[in-house]
Amino acid sequence: MTQNLFEKPAVTLLGLGAMGTALARAWLAAGHPLTVWNRTPARTAPLAAEGARVADSAAEAVAANTLVVICLLDDASVDEALADADLTGRDLVNLTTTTPAQARARAEWTEGRGARYLDGGIMAVPPMVGVPEAGGYVFYSGSRHLFERHRTTLTVPVGTTYVGEDAGFAALHDVALLSAMYGMFAGATHAFALIREEDIDPTAFAPLLADWLVAMAPSVHLTAARLRSGDHSGDVVSSLAMQVAGIPTFVTTAEQQGVSPELLAPCFALMRRGLTERNGEEDLTGLADLLLR
Ligand code: FVH
């Protein structure tokens, strides 16, 4: 396992699903020696043809290199894959999507087996991997030393953003950003449903919707500033009271268009609760605190 000074660091990759395969191709294209393993062996053939070494078991793949990247379906599949592997002296980088608690437990479990641990949350879809201008990146958290040690290699497929020593923070950032994305998907789904039965071309409507979402996106900076200061009342442009007064318009329009309000209803319920439990003259930004249990 000694590395020639002119050779790129060798990588072991467990998991060749859509994301694992994209990562593998990026490392191979950049000239990194790559050992791969996948539960279903058929998925390894195209990568073998592109220069990857194929291990017969996860344990064999882990034994091949110090840096072991894991990109499997979920935390349970990581357990299953690593059951028989000797992790002693290995640097585990786990890109599998998990909860923050699972990431913290995995860090402890890994260190208990004589290895170091870095957790990752991937903010990219497979076509963005190996395409720097696509803007994809991975949140990393856990050992900063490990992150710095492998940073150059980890930056090959997509960018890197280190968010702290707490192994759970990458997963927390990942889930937080994806949760916001699902909120956006919900709003866009409702918007398309509203026009669905009309003589409006969805492909003509889409750019209007996209531009509007982009125009509204910077509002998160105001939310952040207000959450930090605790002041939700100064210089309010669109008060909670005004927005709650508008709810019947949205509900009635949905009814008249034959659209279920089920995606917007939870948001409206929270806004109404804000009116009774907070102050109608406030911004919507105070609602985040109402969600805390
Ligand atoms: N694809 C995406 O858009 C997202 C982008 C953001 C990050 N996610 C997360 O990345 C992890 C892997 O996702 P994926 O896209 O590669 O997922 P699949 O194509 O479904 O491949 C799953 C791989 O996991 C293997 N696997 C499943 N169960 C087990 C198990 N019990 N033991 C060992 N391996 C297992 C599966 O193997 P096989 O089915 O081919 O035998 C694939 O290699 C994921 O956490 C996303 O949330 C992707």
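Helices (H or I, at least four residues) and strands (E, at least two) are DSSP runs, numbered from the N terminus. The model is predicted: local features need pLDDT of at least 70, side-chain atom pairs count only at pLDDT 80 or more, and totals for chains, interfaces and linings use all residues. Residues are numbered from 1 along each chain as its sequence is written, and side-chain values use heavy atoms, with hydrogens and water left out.

**View 1**
The protein chain holds 13 helices and eight strands, and its C-alpha atoms fill a box of roughly 70 × 45 × 35 Å along the principal axes. An automatic or database domain assignment sets the bounds of the domains, dividing the chain into domain 1, residues 11-165, and domain 2, residues 173-290. The C-alpha centres of domain 1 and domain 2 are 37 Å apart, and the contact between them (heavy atoms within 4.5 Å) takes eight residues from domain 1 and five residues from domain 2. Of the chain's 293 residues, 39% count as buried, where buried means under 20% relative accessible area, exposed over 50%, and partly exposed in between (1.4 Å probe, protein chains only).

T12 belongs to strand β1, which runs over residues 11-14, and T12 is classed as buried because its relative accessible area is 0%. Its side chain makes a polar contact with the side chain of N65 at 2.9 Å; such a contact is a pair of N or O atoms within 3.5 Å, in which, within protein, one must be able to donate a hydrogen and the other to accept it, residues adjacent in sequence counting only if both atoms are side-chain atoms. When neighbours within four places in sequence are left aside, T12 is in contact with T35, A61, V62, A64, N65, L67, V68 and V69.

On a 1 Å grid over the protein atoms alone, a pocket is an open set of points with protein on both sides within 12 Å along at least five of seven lines, a cavity is a set where a 1.4 Å probe fits but cannot get out, and lining residues have an atom within 4 Å of a point. At least two lining residues come from each of α7 (169-195), α8 (202-216), α9 (219-229), α10 (240-245), α11 (247-256), α12 (265-277) and α13 (287-290), and α7 gives the most, with 13 residues. The lining of the largest pocket divides into 36 nonpolar residues, 12 polar and one charged, with Ala, Val, Leu, Ile, Met, Phe, Trp, Tyr, Cys and Pro counted as nonpolar, Asp, Glu, Lys and Arg as charged, and the others, Gly among them, as polar.

**View 1. The second largest pocket, with lining residues from both domains.**
The volume of the second largest pocket is about 880 Å³, and of the 34 residues that line this pocket, M19, C71, L72, L73 and T97 are the closest to its centre. Domain 1 and domain 2 each contribute at least three residues to the lining of the second largest pocket. The elements α1 (18-29), α4 (75-82), β6 (116-123) and α7 each supply at least two lining residues, the largest share, four residues, coming from α7. By residue class, the lining of the second largest pocket holds 20 nonpolar, 10 polar and four charged residues.

The residues lining the largest cavity are L23, W27, V69, L95, V138, Y140, L154, P157 and V158, with α1 and β7 (137-142) being the elements that give two or more of them. This lining divides into nine nonpolar, no polar and no charged residues.

D235 is placed in the loop between α9 and α10, and although D235 is not a glycine, its phi is positive, at about 50 degrees. With a relative accessible area of 75%, D235 is exposed. A206 is located in helix α8, and A206 counts as partly exposed because its relative accessible area is 30%. A206 and A191 are separated by 15 residues in sequence and by 9.7 Å in space, C-alpha to C-alpha.

Note on methods
Grid points are joined across faces, edges and corners, and a volume is the space filled by probe spheres set on the points.
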